[in-house]
Amino acid sequence: MTIAREWWKNATVYQIWPASYKDSNGDGVGDIPGIISTLDYLKDLGVDVIWCSPMYDSPQDDMGYDISDYEKVYPEYGTNEDMQTLIDETHKRGMKLILDLVINHTSSEHVWFKESRSSKTNSKRDWYIWKPPKFDADGNRHPPNNWGSFFSGSAWEYDELTGEYYLRLFARTQPDLNWENEVTRKAIYDSAMKFWLDRGIDGFRIDTAGLYSKDQKFPDASIVCPDEEFQMSFQNTNNGPRIHEFHKEMYSNVTSNYDAMTVGEVGFCSREDSLKYVSAKEQEMNMIFLFDTITVGREGGDTFGYKDWTLTDFKRAIQKDTTFIEGTDAWSTVFIENHDQPRSVTRFGGIKYASQSAKLITLLESTLTGTLFIYQGQEIGMENLPRSWSIDEYKDINTINYYKKFKEKYGNDSDFKEKEEKLMDIINLVARDNSRSPVQWNSSTNGGFTSGTPWTRVNDNYRTINVASQIDDPNSVLSFWKKSIQIRKQYQDLLIFGTFKILDFENENVFTYIKEDEKNGLRKAYVVLNFSNNSVKFEKLIGGEFELLHCNVGDVDESILSPYEGRLYIVD
């Protein structure tokens, strides 16, 4: 099937987490003027689209994903005028700008919720999801059902003022909006979407895009964890009965009226369900993020329920995320880092070979089919937080809640210290804070992020891993990213739009795959990646004339792949 090539398909998108990106005024918090000061750097990197994570006014209980005013910029980040300057200056450089769209919930400080909770008869009462409590035989009050929050504990918060619970799948200060209410939906479209589209932004990354439609019977969730009071409610809250109706309405009423790019955070989906969101004929979203690759080694919905992974696990996940669109009119995404995920070089690379494995992951990402997403600092190989840091250094509400719950459960055990160490190993590997430390711009104090005291500690390795040390170094991770993006665009028929096939699937050291151009079946891209600490034999698994196009080592031995060596060949 021939795929239409809209501008967002061959784009390279760079995600900015405003608080940790670049501080312009020394208050320790990144800001919009700081972003503006780096636009030429991003253009030079090869970025086509900037994705700015939530910059809206917010109490910041969940780093801006708790929005109190969709139409106002968070004052520490700047002003609405600064935001307009960012839009205009981005466009002047031939780049586009998309924003985070957080519309499953608001902050409890949003005026809509303040009105909703003021009384049961308020006109906005039904803008959120309120339910009366349940009482047991002894008269004890309980939540309406056993749904658990993604951030630990119950998904229901009791409100003394009106004697009812409101649903909040995330933090207690993030009440879920009631999408069943048509008036609410129109207000969301007007305030959260049209307000910014009319000011020139180019689309949205849509947060928790599969959660808007809940099972209206609000039944108890299935018991998956028998020792837990509250259970994950995926089957009752994700991909709900009206979710596609809502997305079609959003497309029809809003995004189709603009040349807008949309990418949804949907998470775990079957191929059939994924295609319902992103098939062009369905007219919902342009593409979605799937989580199979980034969650390799995790158990179920528990962020910290981590085991381990094998290279075949990783291959299987890449294959699922990459090939689900083949033979369809849908489109895909390529990402391995974002604000909710740890640093890929720590998670999937080899720290002993940090620079080389960062380049290896770059080679992987830049040769996969779909729209490419890079997260701030990934282009210089930023790593996870040091293992020596204590839990006190972590800021993320999800990590803090999980640790508190863990301590309440095991704190009096004789082997608590041992259990705590194991948990901290996992936190250090997968916690969201790992990607939220400030960007390391140079080797000066605080990595050049701020002249003041940073809101969260800068990684200790900023003196050796930073932009300034890499920008003029042809062998740096940054230079490798620049070249990889250039090659990706030069060979877009193969790398961006080509079909994907894994060779030697059971090999636990080497990941080999080919990309083929459907228009020119004779030419192939051949990618071989050594995901091990050992040198391994290199074998060509297909015939043809091999031309080495890109590699992450200086001296190539045609018979051997060194640890974390990767190569891209063109084969005729």
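Entry 1, α7 and α8. I looked up the handedness first: α7 passes α8 in a right-handed crossing. This is a predicted model. I then took the extents, which are residues 243-253 for α7 and residues 271-278 for α8. The two helices pack at an angle of about 20°. Their axes lie 10 Å apart. Angles under 35 degrees count as roughly parallel, so α7 is roughly parallel to α8.

Next I listed who touches whom. From α7 I noted I243, H244 and H247. On the α8 side they meet D273, K276 and Y277. I sorted the residues of this contact by class and got two nonpolar, two polar and two charged.

I asked myself at what angle α12 and α13 pack. The answer is about 165°, with the axes 11 Å apart. Here α12 covers residues 397-410 and α13 covers residues 416-430. The cut-off for roughly antiparallel is over 145 degrees, and α12 and α13 are therefore roughly antiparallel to each other. I checked the handedness as well, and the crossing of α12 and α13 is right-handed.

I went on to the contact residues. α12 contributes T399, Y402, Y403, F406, K407 and Y410. α13 contributes F416, K419, E420, L423 and I427. Which classes do the residues of the contact of α12 with α13 fall into? I noted seven nonpolar, one polar and three charged.

Notes:
Residues numbered from 1 in each chain as written. Predicted model: local features only at pLDDT ≥ 70, side-chain atom pairs only at ≥ 80, totals over all residues. Heavy atoms only, no water. Axes fitted to C-alpha atoms, helices over the stretch in contact; angles between N-to-C directions. Helix = DSSP H or I, 4+ residues; strand = E, 2+ residues; numbered from the N terminus. Parallel < 35°, antiparallel > 145°, perpendicular 65-115°, else oblique. Left-handed = near helix turned anticlockwise from the far one by under 90°. Contact = heavy atoms within 4.5 Å. Nonpolar A, V, L, I, M, F, W, Y, C, P; charged D, E, K, R; others polar.
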